[in-house]
Every structure is written in C-alpha cells, then in structure tokens.
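Take a look at the model below.

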Amino acid sequence: MSGRFEGADGIRGLACLIVICIHASAYFFPSTGTLLAGTGKIGVWLFFVLSAFLLTSKFMKSGFGLKSTISYAVGRILRILPLFYLVVLIYYSKGWIGLETRFDIVRAITFESGYGHLWTIPAEFKFYFILPLFAYLVIEIYNRFGLYLATLGCALLVVAQQSIWPYWLTPENSVETRWYLSSFTFGIVCAIIHHSFRDKLDDQKADIIGLSIIVIIVMTFPYFRNIIFGMPIDKWLMNKYLLFSPLWMLFILVLADGKGRLGGLLKNIVFRKIGEWSYSIYLIHIMIYALVTQGRPTSFLLMVVGIIGSVLAGAVLFYCFEGPMENLRHKIQSRIFRT
C-alpha cells in the first residue's frame with residue numbers, strides 16, 4: 001500500500017467546496033443565511049480533522065527526531081504565513097472584512113483577532129505548535145500498548161478537553177485553539193486507526209460508510225432538521241464540532257485512500273485540483289464575491305460566477321504565489337534532512 005493518501009486532496013477539495021458554496025449562498029442571497037446557519041463550519045471542521053490526520057501520519061512515518069521536528073516547524077510556517085499575510089494586506093487595501101486600520105493588520109497577522117472568514121487560520125496555526133506533543137504521546141501509547149489503549153487515551157483526552165472548554169460555550173468564530181482541540185484530537189486518533197485498519201477496508205464498506213455520513217450531515221442542516229425533526233431553524237449548528245468531528249474522522253478513515261466509487265469521485269481531477277488550491281481559494285473567495293456583486297442585484301447566475309471565479313482566482317494565486325512558496329518550503333526541508 002502506498003504511503004500517499006490518494007483521496008486526501010479530494011477530501012480537502014470537498015471541505016473547500018462546502019465552505020465556499022455555503023458562503024456564496026449566504027453572500028448572494030442573504031435571506032438563506034438562517035436556513036444555512038452554521039453549515040459552512042462543517043467544512044471548516046473537516047479541514048481541522050484532516051489536517052491533524054495528515055500531519056500525525058507524517059510523524060508516524062518520519063518520527064520525532066530533531067530534523068523531523070525542525071522540518072515540520074519550517075514547513076508549517078512557510079505553508080501558512082506568507083500567503084496569509086499577503087491576503088490580509090489585500091483585504092486591508094479594500095477595507096473589507098473589517099480590516100480597515102493598521103491596528104487591524106497587526107491584530108490579524110499576530111492572530112489576536114479573526115477578521116471575516118480568516119478566523120480559522122489562527123485557530124489551526126496555533127494548534128501546530130502543540131500537535132507534535134499530542135501526536136508523540138498518542139503514537140508512543142500506540143506503539144507500546146496497542147491501538148485500543150491509544151484510542152481510549154484519546155477518548156479520555158477529549159473528555160478532559162470538553163470538561164474545561166465545553167463545545168456549547170464556544171464563542172462564534174473564535175481564534176482560540178483550545179475550543180477546537182477535540183476536533184484536532186479526532187484527527188490524531190484517526191491516523192493511528194487508519195494505520196491499523198488501512199488494508200482491512202474494502203470498496204463497498206467505504207461507499208456505504210461515506211455515503212451514510214454525507215446523508216447524516218445533510219440532515220443536520222437547519223432546513224432539513226426542521227422538516228424531518230421539527231427543530232426550529234436557528235443557529236444550533238454553530239458550535240457542534242463535537243458532533244461532526246467524529247463523523248469526519250470516520251469519513252477520512254474510509255476514504256483517505258480513495259476507495260470505492262465515492263473515493264473514485266474524490267480522486268477526480270476536479271476535486272483533487274480544488275483540494276490542491278484550497279488554501280488559496282479559501283483565503284480569496286470572499287474578495288471575489290464582493291467584486292462580482294459590487295452592489296448589484298444578486299442572482300443565481302452571479303452566485304455561480306462567484307464560485308467559479310473563486311476557484312479560478314485561487315488557482316492563479318496558487319501558481320503565482322503559493323506554489324513557488326511550496327517549492328521553496330520543500331527545498332528547505334530537503335536541505336534540513338541532508339544536513
């Protein structure tokens with residue numbers, strides 16, 4: 001079995017599409033905001049779980065030596081910060097998403113405050129500082145005592161996290177990592193479970209489990225909750241990452257290798273490319289929406305143009321800036337291991 005996760009880029013692309021499509025609906029048709037309240041965060045929580053899964057899997061392969069740790073730190077900094085800082089300056093130049101003063105810039109680039117959709121970057125980036133410790137402890141337990149004790153340890157860790165920072169008290173769009181530690185923990189445990197069961201999952205199980213999770217998640221949308229369960233159309237979803245993170249963990253577990261028809265769809269060139277460009281797309285998509293509307297009456301056609309424009313703009317940003325930075329990152333990391 002290859003060490004590469006063939007479905008990972010497609011899963012990342014799916015997360016990106018969830019976010020930008022939900023944001024597009026709310027941006028171009030504000031009246032749909034209540035019907036979709038919190039659903040965009042479902043894609044963000046998928047990003048959180050997937051990120052922890054992939055990074056922990058890398059540590060399982062590379063170990064926790066000095067070179068691996070330094071390479072990891074350099075990689076995360078160059079992967080996240082340069083493009084983030086560039087986009088902050090772009091939004092500031094237009095006075096969008098609340099970035100209106102130089103003080104706002106300082107608060108944004110130091111991760112003291114989240115502006116618009118950019119709140120997710122500080123929350124995830126801060127976790128990168130403690131992920132090696134979490135991953136080391138979990139992998140050590142896994143190697144010494146086996147999967148079940150390692151999984152139990154992660155479950156107890158989630159219980160401890162929730163006893164201190166319960167999900168129902170999570171501030172909306174918080175940049176503080178502590179509120180989302182449980183999501184990242186599910187990603188870490190997903191890595192060790194996947195390592196144990198990777199060869200035991202077949203295509204049929206992957207399709208059944210993957211499609212079931214998608215159906216369950218769609219049923220939690222405010223509109224469908226109201227129709228199916230009679231629940232009020234409200235912001236119930238806004239802080240329910242503890243519900244969705246284990247679902248996404250299971251989704252990643254069965255589809256990270258692109259198994260089954262659903263995995264084949266995720267390996268499709270469209271999903272893979274959107275996944276490859278997802279960071280750029282995510283950062284820039286609100287700017288594209290603002291440029292497309294420019295105060296004009298909205299329409300479904302404009303919304304489609306905004307979504308496609310976001311993907312294309314993200315691709316341009318990727319090839320002009322993010323891609324070269326990625327090449328630089330890989331060169332530096334290679335030199336670290338050769339030194």
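What follows is a short tour of this predicted model.

**Two packed helices**

Two packed helices are described by the angle between their axes and the distance between the axes. Helix α3 and helix α5 pack at an angle of about 170 degrees, and their axes are 11 Å apart. Angles over 145 degrees count as roughly antiparallel, so α3 is roughly antiparallel to α5. On the α3 side, the residues in contact are Tyr-72, Arg-76, Ile-77, Ile-80, Leu-81 and Phe-84. They meet Ile-121, Phe-125, Tyr-128, Leu-131 and Pro-132 in α5. By class, this contact has 10 nonpolar, no polar and one charged residues.

**The nonpolar core**

The largest nonpolar core holds 107 residues. Helix α2, residues 39-62, gives the most to this core, with 13 residues. Leu-283 is one of the residues with the most contacts inside the core. Among the residues that Leu-283 touches are Leu-83, Phe-84, Val-87 and Tyr-91. Leu-283 also touches His-117, Leu-118 and Ile-121.

**Ring pairs**

The count comes to 26 aromatic pairs. One of them joins Phe-28 and Tyr-289 edge-to-face, with 5.4 Å centre to centre and 70 degrees between the planes. The pair links distant parts of the chain, 261 residues apart.

Technical notes
Residues are numbered from 1 along each chain as its sequence is written. This is a predicted model: local features need pLDDT of at least 70, side-chain atom pairs count only at pLDDT 80 or more; totals for chains, interfaces and linings use all residues. Side-chain values use heavy atoms; hydrogens and water are left out. Axes are lines fitted to C-alpha atoms, for helices over the stretch in contact, and angles run from 0 to 180 degrees between N-to-C directions. Helices (H or I, at least four residues) and strands (E, at least two) are DSSP runs, numbered from the N terminus. Angles under 35 degrees count as roughly parallel, over 145 as roughly antiparallel, 65 to 115 as roughly perpendicular and the rest as oblique. Contact means heavy atoms within 4.5 Å. Ala, Val, Leu, Ile, Met, Phe, Trp, Tyr, Cys and Pro count as nonpolar, Asp, Glu, Lys and Arg as charged, and the others, Gly among them, as polar. A nonpolar core is a set of buried Ala, Val, Leu, Ile, Met, Phe, Trp, Tyr and Cys residues joined through side-chain atoms within 4.5 Å. Buried means under 20% relative accessible area, exposed over 50%, partly exposed in between (1.4 Å probe, protein chains only). Rings of Phe, Tyr and Trp (its six-membered ring) pair if their centres lie within 6.5 Å; planes under 30 degrees apart count as stacked, over 60 as edge-to-face and the rest as tilted. Lists of a residue's contacts leave out its neighbours within four places in sequence.
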